[in-house]
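Biologist: Hi! Could you walk me through this one? I have a few quick questions.

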Amino acid sequence: MMSMWGAVRCRLIQTRSAVRKILQQNRAFCSGSSVGIREKLLAFPGGSVELQKLQESGIAVLTVSNPARMNAFSGCMMLELEQRVNELEIWTEGKAVIVQGAAGNFCSGSDLNAVRAIANPHDGMKMCEFMQNTLARLLRLPLISVALVEGRALGGGAELTTACDFRLMTSDAVIQFVHKHMGLVPGWGGAARLVGIIGSRNALKLLSGARKVDPDYGKQMGLVDEVLQCSSGEGKALAHAEHWIAPFIKGPAPVIQAIKKVVVSGRELSLDEALKCERSVFGTVWGGPANLEALASKPKHK
Ligand SMILES: CC[C@H](C(=O)O)C(=O)SCCNC(=O)CCNC(=O)[C@H](O)C(C)(C)COP(=O)(O)OP(=O)(O)OC[C@H]1O[C@@H](n2cnc3c(N)ncnc32)[C@H](O)[C@@H]1OP(=O)(O)O
């Protein structure tokens, strides 16, 4: 019979192998294919991506800030976003992240000044690859993520909303995939994620129509999870978002993180691999402190 230590070791090995596939993809990118584009992105300064971790609630607030340009992403901000995702990946006490824009506006996509300077297919594809990788990692964080949309989410900003688990909008906010008007398609992974969220027919409508999505239309399509009872820039949206997310993050961080991990594996892996991963994650909470406490309290789920 396998010893307890042997069983734990076995579970750990399974966990590692199940998530290895996803991590390999991230590592390959960080070590090789992004070479060159980082230097180019550094040449476009301005704005910042700020991260505030609220230890008590386990909620982090990630703020895209470049108000003079409606929070458009400069090159430096793209690099900073990657750093922030690195920090969040190792935040073991965290449960959620709210992604917002500064000063009552979400994000107006790439900084058009940078876009004009790298308007050639080679640099465009490298920038895309960089942002695809960062946003894929954002979506895979073991934290429940919420895009809090105030004002406008345009182009790459609309794509950023799809890299979160949930989208909340203030009553006057707008999400718009303006790519067609720019002679483009989404390149930060926004099209693939949009299809996953609202289905291919609805995604085709939003992309080919470059249609403005107001809160009602967003809810009807299944893009938007909640319309907040406040307007953009009123200073109330963040508190509303924290209130909205509270029931989903009630409980210990290891359990919330485990829930997010099994959802990510179900979404991204083949069924066999997802089942393997689910078993491994299960092994990290089974017999754990929260589980033992719950068993000792003889719960009734009425
Ligand atoms: C398409 C995908 C692509 C990608 O990377 O994959 C992109 O994301 S490209 C960017 C797509 N976004 C846009 O094209 C936004 C264009 N801007 C607008 O439509 C408007 O500025 C709007 C609706 C965001 C705001 O309009 P409003 O009248 O309220 O304000 P202003 O136009 O006066 O804007 C204030 C100030 O911000 C500058 N701004 C806005 N967005 C960007 C941007 N993406 N890049 C650079 N600068 C931006 C705008 O030019 C104004 O600056 P000013 O110096 O006063 O002219």
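Biologist: Of the 8 residues of helix α12 (residues 289–296), how many are buried?

Modeller: The number buried is 0, so α12 lies largely in the open. Buried means that 20 or more other C-beta atoms lie within 10 Å of a residue's own; 12 or fewer is exposed, in between is partly exposed, and C-beta atoms are placed from the backbone. Helices (H or I, at least four residues) and strands (E, at least two) are DSSP runs, numbered from the N terminus.

Biologist: Before we go on, what should I know about the model and numbering?

Modeller: It is a predicted model: local features need pLDDT of at least 70, side-chain atom pairs count only at pLDDT 80 or more, and totals for chains, interfaces and linings use all residues. Residues are numbered from 1 along each chain as its sequence is written.

Biologist: Thanks! Is strand β4 (residues 144–149) mostly covered or mostly open?

Modeller: Mostly covered, with 6 of its 6 residues buried. Ile 144, Val 146 and Leu 148 are on one side, Ser 145, Ala 147 and Val 149 on the other, and both faces are covered.

Biologist: Which strands flank it in the pairing, parallel or antiparallel?

Modeller: Strand β3 (residues 96–101) runs parallel to β4, joined by 4 bridges, and Ala 96 stands opposite Ile 144. Strand β6 (residues 166–170) also pairs with β4 in the parallel sense, over 4 bridges; there Val 146 stands opposite Phe 166. Pairing here takes at least two DSSP bridges between the strands.

Biologist: What does Val 149 touch?

Modeller: Not counting residues up to four places away in sequence, Val 149 touches Phe 106, Thr 161, Arg 167, Leu 168, Met 169, Ala 173 and Ile 175. Contact means C-beta atoms, placed from the backbone, within 7 Å.

Biologist: New topic: at what angle do helix α3 (residues 75–89) and helix α5 (residues 121–140) pack?

Modeller: At about 25°, with their axes 10 Å apart. Axes are lines fitted to C-alpha atoms, for helices over the stretch in contact, and angles run from 0 to 180 degrees between N-to-C directions. That makes α3 roughly parallel to α5, a label for angles under 35 degrees.

Biologist: Which residues make the contact?

Modeller: From α3, Met 78, Leu 81, Glu 82, Val 85 and Glu 89; from α5, Phe 130, Met 131, Thr 134, Arg 137 and Leu 138.

Biologist: And why does Leu 160 count as buried?

Modeller: Because Leu 160 has 28 C-beta neighbours inside 10 Å. This residue is found in helix α6 (residues 156–161). Leaving aside neighbours within four places in sequence, Leu 160 is in contact with Val 99, Cys 107, Leu 135 and Ala 147.

Note on methods
Contact = placed C-beta atoms within 7 Å. Parallel < 35°, antiparallel > 145°, perpendicular 65-115°, else oblique.
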